[in-house]
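Let's walk through this model together, from the whole chain down to a few side chains. Take a moment to turn it around before reading on.

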Amino acid sequence: MAETEFGSQMSERDSRLQEGARRISNVASDTWDQTRQRAGVVRERTEVFLRENPVPTVLGALVLGLAIGLAIRYSSRQEEPTLSVKRALREVDWSTMAPAFLPSLMRNVKRGYAGSAEAVKDGLERVKEVDVDEYVKPLRKRWQKWMS
């Protein structure tokens, strides 16, 4: 009689384990199906968004790529010795320059500086005259259309 009790307890335990395994399998299967459906919906929504908004998508990808590239570059770069201007000027052999050469060099530098300063002033004046609204208005309209 002890054998039959032991056998019935084993079969009862086996059937409970099988039933529990079936339940877990069904729950996992349902969860997987829901996840797959949600992923499909997200993929479709993403496709629609990307097709309707190509410029922000491309700009975002460009910025992301630039950020990743800079992060990789600066994280893997070895420290390079920096050369300061003062140190470089100390290492120049000034004795090779003749005193007659220096005044003409200084005049040329002064003229070049004055010419570049004038060029910058002229450029700033031209930039101030640009009508920014003429360029921004169409972009603003497109942006508002994308955001609505």
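**A walk through the chain**

The accessible surface of the chain comes to about 14200 Å², and 61% of that surface belongs to carbon and sulfur atoms; areas come from the Shrake-Rupley method with a 1.4 Å probe, and for residues only the protein chains shown count as cover. Please keep in mind that this is a predicted model, where local features need pLDDT of at least 70, side-chain atom pairs count only at pLDDT 80 or more, and totals for chains, interfaces and linings use all residues. Residues are numbered from 1 along each chain as its sequence is written, and side-chain values use heavy atoms, with hydrogens and water left out.

Five helices and zero strands make up the secondary structure (DSSP runs numbered from the N terminus: helices are H or I with at least four residues, strands E with at least two). Of the 148 residues, 1% count as buried (buried is under 20% relative accessible area, exposed over 50%, partly exposed in between, with a 1.4 Å probe and protein chains only).

Now look at helix α5, which covers residues 132–147 and includes V132. V132 is partly exposed at 49% relative accessible area. Together with V130, Y135 and V136, V132 makes a nonpolar surface patch of about 360 Å².

Further along, which rings pair up? W143 and W146 do, edge-to-face, with 6.2 Å centre to centre and 75° between the planes (centres within 6.5 Å, using the six-membered ring of Trp; under 30 degrees is stacked, over 60 edge-to-face, the rest tilted). Being three residues apart in helix α5, the two are separated by about one helical turn. W143 is partly exposed at 44%, and W146 is partly exposed at 29%.

How values were computed: Patch = residues over 30% accessible without salt bridge, like charges linked within 9 Å, V, L, I, M, F, W, Y side chains within 5 Å. Salt bridge = Lys/Arg side-chain N within 4 Å of Asp/Glu carboxyl O.
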